[in-house]
Amino acid sequence: MKKSPLQRVRSEYQPKLPKALQGPVKVKLGEATESVADQEEIKKLFPHTYGMPVVQFESTDEPERVEEPFNVGIILSGGQAPGGHNVVSGIFDGLKRLNKENRLYGFLMGPSGFINHQYMELTAGYIKEYRNTGGFDIIGSGRTKLETPEQFEEGLKVLRELNIKALVIIGGDDSNTNAAVLAEYYQNIGAGVQVIGVPKTIDGDLKNKWIETSFGFDTACKVYSEVIGNIQRDCNSAKKYYHFIKLMGRSASHIALECALETQPNVCLISEEVLAKRMTLDNIVSYLCYVIAERAKLGWNFGTVLVPEGLIEFIPSMKDLISELNDVLAEKGGELEGLEPHEKLEKIEKMLSPANADLYKSLPRHIARQLSLERDSHGNVQVSLIETESLLSEMVAKRLAEMKENGQYAGKFSAQHHFFGYEGRCADPTNFDADYTYALGFNAAMLINAGLTGYMSSVRNLTEKSEEWIAGGIPITMMMNMEKRHGHMKPVIQKALVNLNGRPYLKYASMRETLALNTLYQYPGPIQYFGPSEICDRPSMTLLLEHDKEV
């Protein structure tokens with residue numbers, strides 16, 4: 001494979017490890033844990049892996065405990081995130097440090113490779129080609145959900161065939177929920193297989209006290225912020241367009257908020273705020289029109305608006321509609337198969353409660369169709385397919401036309417639409433993500449060597465120098481609660497939403513009116529890999545603010 005000049009130089013970068021992982025480690029046990037909610041239900045579902053302690057690794061002069069050589073399998077699950085290849089590299093290097101005879105196998109194209117026995121051994125030469133690169137193409141990823149005993153048993157066959165002692169699942173909240181279920185199942189039947197999770201998602205909604213950020217968030221936000229800055233430079237040059245920019249983040253607005261802090265757009269909608277204030281679609285449109293009209297008075301008929309991907313699910317009335325649509329599609333999907341689009345919409349309307357049916361009928365037909373598409377493998381609306389940015393600009397244009405007729409608006413309005421998603425998912429990781437992911441992987445190897453199962457790799461204290469990061473693991477069950485999926489209550493990792501009392505949100509809120517009525521764009525520029533540490537190794541503004549650091 002021919003490499004670009006940057007790839008060749010970047011491949012030589014050696015990620016930094018926390019001091020605790022640089023030599024032999026010993027395990028320090030913390031207190032017993034419990035789930036964040038629904039303790040009795042979670043404990044009943046996970047009798048073998050519930051209540052385990054948090055563990056922390058500390059340096060020791062004693063030699064590392066290594067018995068016979070052992071094999072490990074890995075699965076890349078769900079959407080891609082920058083740094084996944086360095087997780088694999090870290091696991092490999094950690095295993096080889098423990099014992100040169102240890103071997104690493106990758107299951108191809110995600111969980112389906114595990115079930116269908118499609119795999120390859122990952123060797124030093126093969127892994128070398130992928131160090132510090134973006135993407136998941138080292139073995140591929142997939143969204144097959146691991147949830148049935150039949151799948152677990154099928155996977156167990158290949159684990160035994162390859163003499164694999166531990167399985168590492170690299171994924172988001174749903175994938176790590178699967179890891180917890182798999183760990184419990186194998187413990188229950190005495191399979192002798194450990195399961196470890198690694199926190200991955202660019203959305204940033206897999207975090208807590210022990211998981212300070214999910215990997216990939218830092219890189220993706222810096223990629224999006226660079227492009228938003230470029231658009232804002234063009235916007236301020238041409239002075240004739242409003243750019244509605246939708247950003248990834250189905251269940252939380254962390255990406256939109258981070259990009260707003262980095263680029264200072266005129267408007268950034270925060271889904272969690274919309275829900276807390278019980279704002280309607282009309283409220284949102286009214287606010288946007290207010291900003292546009294006020295800027296027009298200053299002679300500015302241009303601006304930027306950041307829209308979280310999952311916004312539509314946070315508008316209370318829309319949230320109720322989507323919840324009922326989820327139930328209808330889960331329970332009566334068979335009746336809708338094969339119908340023409342207009343017939344399907346009419347049939348769905350009759351299945352909904354009166355209030356939701358009225359709202360459904362009031363939506364533009366293309367939005368109603370998008371809301372009625374088949375759910376993903378986890379039962380979620382495929383919000384990336386809903387053109388929320390287009391819906392908002394259409395409604396804004398209509399309202400502004402009415403305001404113009406009434407003499408309330410004298411400007412010009414022309415919209416451009418963007419959706420930034422895939423652009424950030426497979427970028428070469430920032431120095432922060434390259435170091436963090438390598439540490440997460442190396443740490444996972446130490447968790448396996450400690451004999452643990454049902455744990456997630458945890459590396460924290462992330463706003464300090466990497467040598468001072470704290471490595472260890474937390475039971476996955478401590479992050480879980482019960483939620484409704486496919487019409488049934490199921491245990492899942494609780495999503496971390498934007499905290500409206502947290503410093504990142506309050507920082508943006510303090511600037512919001514000034515940014516709306518002025519043009520104070522920031523242009524972050526491209527990711528820097530070489531140069532001063534304050535530029536190249538800087539964590540996200542969200543992480544810095546959450547740890548009371550200056551930005």
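The model is predicted. Start with the cysteines. The structure holds zero disulfides. Distance explains this for two of the cysteines. A disulfide needs two cysteine sulfur atoms within 2.5 Å. For cysteine 259, the closest cysteine sulfur belongs to cysteine 221 and lies 4.7 Å away, so the gap is too far for a bond. Cysteine 268 has its closest cysteine sulfur in cysteine 259, at 8.2 Å, which is also too far for a bond. Both of these residues are shielded. Cysteine 259 is buried, with a relative accessible area of 0%. Cysteine 268 has 3% relative accessibility and counts as buried.

Next comes lysine 207. This residue sits in the loop between strand 7 (194-199) and helix 8 (217-238). Is lysine 207 buried or exposed? Its relative accessible area is 17%. The cut-off for buried is under 20%, so lysine 207 is buried. Its side chain has a polar partner: a contact of 2.7 Å joins it to the side chain of glutamate 546.

Now turn to a helix pair. Two packed helices are described by the angle and the distance between their axes. Helix 14 spans residues 341-351, and helix 15 spans residues 354-362. Their axes lie 8 Å apart, at an angle of about 155 degrees. Angles over 145 degrees count as roughly antiparallel, and therefore helix 14 and helix 15 are roughly antiparallel to each other. Helix 14 contributes Leu345, Ile348 and Glu349 to the contact. Helix 15 contributes Ala357, Tyr360 and Lys361. By class, the contact has four nonpolar residues, two charged residues and no polar ones.

Last, the backbone. Most residues other than glycine have a negative phi. Asparagine 132 has a positive phi, near 65 degrees. Where is asparagine 132 found? Its place is the loop between helix 5 (124-128) and helix 6 (149-161). With 0% relative accessibility, asparagine 132 counts as buried.

Arginine 278 is not a glycine, yet its phi is positive at about 50 degrees. This residue is also in a loop, between helix 10 (271-276) and helix 11 (281-297). Arginine 278 is exposed, with a relative accessible area of 55%.

Conventions
Residues are numbered from 1 along each chain as its sequence is written. This is a predicted model: local features need pLDDT of at least 70, side-chain atom pairs count only at pLDDT 80 or more; totals for chains, interfaces and linings use all residues. Side-chain values use heavy atoms; hydrogens and water are left out. Buried means under 20% relative accessible area, exposed over 50%, partly exposed in between (1.4 Å probe, protein chains only). Helices (H or I, at least four residues) and strands (E, at least two) are DSSP runs, numbered from the N terminus. A polar contact is a pair of N or O atoms within 3.5 Å; within protein, one must be able to donate a hydrogen and the other to accept it, and residues adjacent in sequence count only if both atoms are side-chain atoms. Axes are lines fitted to C-alpha atoms, for helices over the stretch in contact, and angles run from 0 to 180 degrees between N-to-C directions. Angles under 35 degrees count as roughly parallel, over 145 as roughly antiparallel, 65 to 115 as roughly perpendicular and the rest as oblique. Contact means heavy atoms within 4.5 Å. Ala, Val, Leu, Ile, Met, Phe, Trp, Tyr, Cys and Pro count as nonpolar, Asp, Glu, Lys and Arg as charged, and the others, Gly among them, as polar.
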